[in-house]
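Thanks for coming. I have one model to go through this morning, so please look at the screen and keep the chain in view while I talk.

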Amino acid sequence: MSVAEQASGSQPIDVRVVVDISGSMKETDPDNLRRPAVRLLAGLLPDGAGAGVWTFGQYVNMLVPHDSVDDAWREAAVERSAQINSVALHTNLGLAIEKASNDWLSGGTLENTHLILLSDGKVDIPAGEAASRAEEARILETMLPALKSNGLTVHTVGLSEFADVSFLRTLADETGGTFRLARSAEALNLAFAEALNALAPQAQIPLEGNQFTVDEGVEEFTALIFTGGPSSEQSQLRLAMPGGELFAVSEAPGGVRWLAEPGYDLITVTDPQPGEWKIEGELGQGSRVTVVSNLRMVVGPIPAQFSKEEPLEIEIAFYEGDQLLNDPNFLDVIDVTLSLSAGNRRKGSKVLSSGPPPEDGVYRDTLKQLSKAGVYRVDVVADGGTFARKFSAETTFVVPGEEPAVAVVSEPLVPDLSQPLEPMSLDGEDATNTSVPETVENPEPESAQAMQPATEPGTQREVAEVSEEPLPQPNQQNAPETKDQPIHEPEKGTLWGIPVWMLGAIAALIVIIVGAVFFILARKREQSEPEEALPVLEETVPEPEPEPEDVPELVPEPELDAEEIPEVTETIESEPKSFDDDTEEFGLEDFDLSEFDDLPEDKTKKD
């Protein structure tokens with residue numbers, strides 16, 4: 001699809017949301033955070049899109065009927081999300097996909113239909129393990145090719161490492177969709193937001209610190225602010241219009257629709273006043289402001305994966321309504337910057353607008369080769385002085401023969417912006433390159449080893465955490481996962497990280513040492529007592545047999561009962577991959593770009 005086709009948007013997007021309600025969700029989502037996650041999707045879906053929500057266990061239920069998205073549909077989704085629970089006995093994924101992908105809902109075609117599937121387990125039907133594996137094979141070998149040929153795209157979200165990562169990932173890869181692994185239920189909001197952004201990217205306004213600027217062309221904006229705190233906390237955010245006083249959710253004026261949920265606030269403002277808006281409160285990573293505007297920056301579709309053989313083609317254009325803007329006088333005042341980042345210390349940028357504006361109005365570039373396979377964040381920022389737009393998307397660079405990296409989403413955290421900026425220079429043939437400052441945030445604990453993308457200077461981080469580590473693919477059903485579970489788990493057959501046999505040997509040695517000490521002390525006591533003199537008898541009397549000495553009995557080594565040894569069943573995760581050098585940077589060879597400019601302030605102004 002070209003940028004022109006992307007801009008036309010002739011057919012509304014169709015989104016089918018399928019949510020697991022099997023019994024294992026009592027452990028992986030004990031607070032039913034799937035409910036606010038579904039409400040978030042309902043709030044982010046654009047007007048006019050088709051949408052429906054299904055829940056599944058052994059059976060499948062249409063929770064919110066498929067229809068065109070409007071205020072009435074959103075209200076129904078919010079109301080019926082309260083029915084999401086964890087009572088089902090099985091995980092009938094095949095039946096759920098069949099029901100939700102019925103093409104009669106979209107006029108006999110699935111060309112523009114996207115299915116978002118959330119599950120924490122593997123295929124599990126009542127007939128037993130053999131039947132479940134046969135059903136899994138049927139889904140992959142028969143059902144999936146048919147749905148793919150009919151145009152369906154599947155995006156999957158696995159909740160916890162106990163989800164069937166391999167199966168869910170295959171569903172996404174085979175249909176051109178995305179897969180994300182949510183480490184915990186608190187990460188579902190961010191995972192769903194990223195999944196929706198992948199299938200229907202929306203233009204954003206750059207969020208600089210706690211401020212963003214609304215231009216006169218904005219008809220509506222939606223601020224998605226992740227609070228980063230416990231899901232039980234009440235929203236503490238306050239919003240201020242340009243030149244106005246701060247107000248909270250309970251004081252929202254007319255034209256402001258404010259949804260305060262566990263973990264996030266979703267604020268939609270219609271006909272907003274132009275100028276600088278301010279947010280007071282802690283903004284978690286992943287926060288963003290999307291806009292509906294007659295003046296649009298359109299970026300061509302970003303594929304879920306690219307490689308050296310199939311490079312990433314970037315196309316950027318500006319539209320007013322449906323009219324492509326190619327007037328040089330307009331384009332000449334716009335700075336267009338392309339950035340690619342992976343982790344919180346690796347970032348490369350290029351100013352696409354450094355030369356004369358393109359004659360057809362479309363900025364183009366190609367990313368062919370990177371130094372490392374992994375998940376990357378693509379950011380395009382356009383600054384025209386009186387307006388600014390931003391586009392963000394994730395994609396994975398794959399190398400033949402290597403397992404593709406998994407995008408791992410952790411719950412939003414609030415970054416520490418008090419840390420100083422750390423300059424980052426790019427190596428390459430262009431001697432004019434200058435350093436690109438990058439926000440240094442509090443690193444994750446070393447046990448997590450999470451990759452966190454970087455942002456423009458002074459901005460909040462606007463994407464989910466991603467990791468390049470290939471994750472283990474356990475096939476355990478209904479296995480619990482504790483909150484804040486560390487990545488490095490003790491090995492099976494260990495206690496406190498020490499092998500059980502070693503603990504037993506140590507205990508036996510202690511018993512032997514204690515027994516020996518008692519024995520030595522008893523002998524010394526006995527030798528120190530004076531012997532009693534025996535009377536001299538005229539007759540020789542046979543000497544009586546000496547009584548056995550009072551020696552403490554040596555306690556035999558106790559045998560450890562196998563039933564008393566706690567068995568640790570946590571999944572062993574391999575040491576996550578990390579970049580060889582935290583300060584490694586992208587060079588020109590990473591992007592294979594002809595020119596590569598770096599901006600000390602992430603933006604180059606034209607002369």
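This is a predicted model: local features need pLDDT of at least 70, side-chain atom pairs count only at pLDDT 80 or more; totals for chains, interfaces and linings use all residues.

Residues are numbered from 1 along each chain as its sequence is written, and side-chain values use heavy atoms, with hydrogens and water left out.

The whole chain, then. There are 11 helices and 26 strands. Helices (H or I, at least four residues) and strands (E, at least two) are DSSP runs, numbered from the N terminus. Of the 607 residues, 50% count as buried; buried means under 20% relative accessible area, exposed over 50%, and partly exposed in between, with a 1.4 Å probe and protein chains only. Taking contacts with a separation of 6 or more, 75% are between residues 24 or more positions apart, where contact means heavy atoms within 4.5 Å.

Now the sheets. Strands of a sheet pair through backbone hydrogen bonds, either parallel or antiparallel. Here two strands pair if DSSP finds at least two bridges between them.

At the β20 end, β19 (residues 335-341) runs antiparallel to β20, joined by five bridges. S341 has K347 as its bridge partner in β20.

Another open sheet has four strands, ordered β7-β13-β9-β10, and its pairing is antiparallel. β7 (211-214) and β10 (246-247) are the edge strands, each pairing on one side only. Four bridges hold the antiparallel pair of β7 and β13 (residues 275-280), and T213 has E276 as its bridge partner in β13.

Which strands pair with β17? β17 (residues 312-320) pairs with β15 (residues 295-299) in the antiparallel sense over five bridges, and L295 has E320 as its partner in β17. β17 is also joined by five bridges to β21 (residues 363-367), again antiparallel, and there E315 stands opposite R364. β18 (residues 323-324) pairs with β17 over two bridges, in the antiparallel sense, with L324 as the bridge partner of Y319. The hairpin of β17 and β18 has two residues between the strands, and in this hairpin G321 takes a positive phi near 70 degrees.

Next, the loop residue. I21 is in the loop between β1 (14-20) and α2 (25-28). Is I21 buried or exposed? I21 counts as buried because its relative accessibility is 13%. Leaving out residues up to four places away in sequence, I21 touches R34, T55, F56, G57, I84, N85, S86, V87 and A88. From I21 to F56 is 35 residues in sequence, with the C-alpha atoms 5.8 Å apart.

Last, the cavities. How many cavities of 30 Å³ or more does the structure hold? The structure holds nine. On a 1 Å grid over the protein atoms alone, a cavity is a set of points where a 1.4 Å probe fits but cannot get out, and lining residues have an atom within 4 Å of a point. Grid points are joined across faces, edges and corners, and a volume is the space filled by probe spheres set on the points.

The largest cavity holds about 180 Å³ of space. Its lining has 16 residues, with T178, F179, A304, T396 and A405 nearest the centre. α7 (165-175), β6 (179-182) and β23 (388-397) each supply at least two lining residues, and β23 gives the largest share, three residues. By class, this lining has seven nonpolar, five polar and four charged residues. Ala, Val, Leu, Ile, Met, Phe, Trp, Tyr, Cys and Pro count as nonpolar, Asp, Glu, Lys and Arg as charged, and the others, Gly among them, as polar.

The second largest cavity holds about 130 Å³. It is lined by 13 residues, and L44, N197, Q202, R288 and T290 are the closest to its centre.

Note on methods
On a 1 Å grid over the protein atoms alone, a cavity is a set of points where a 1.4 Å probe fits but cannot get out, and a pocket is an open set with protein on both sides within 12 Å along at least five of seven lines; lining residues have an atom within 4 Å of a point.
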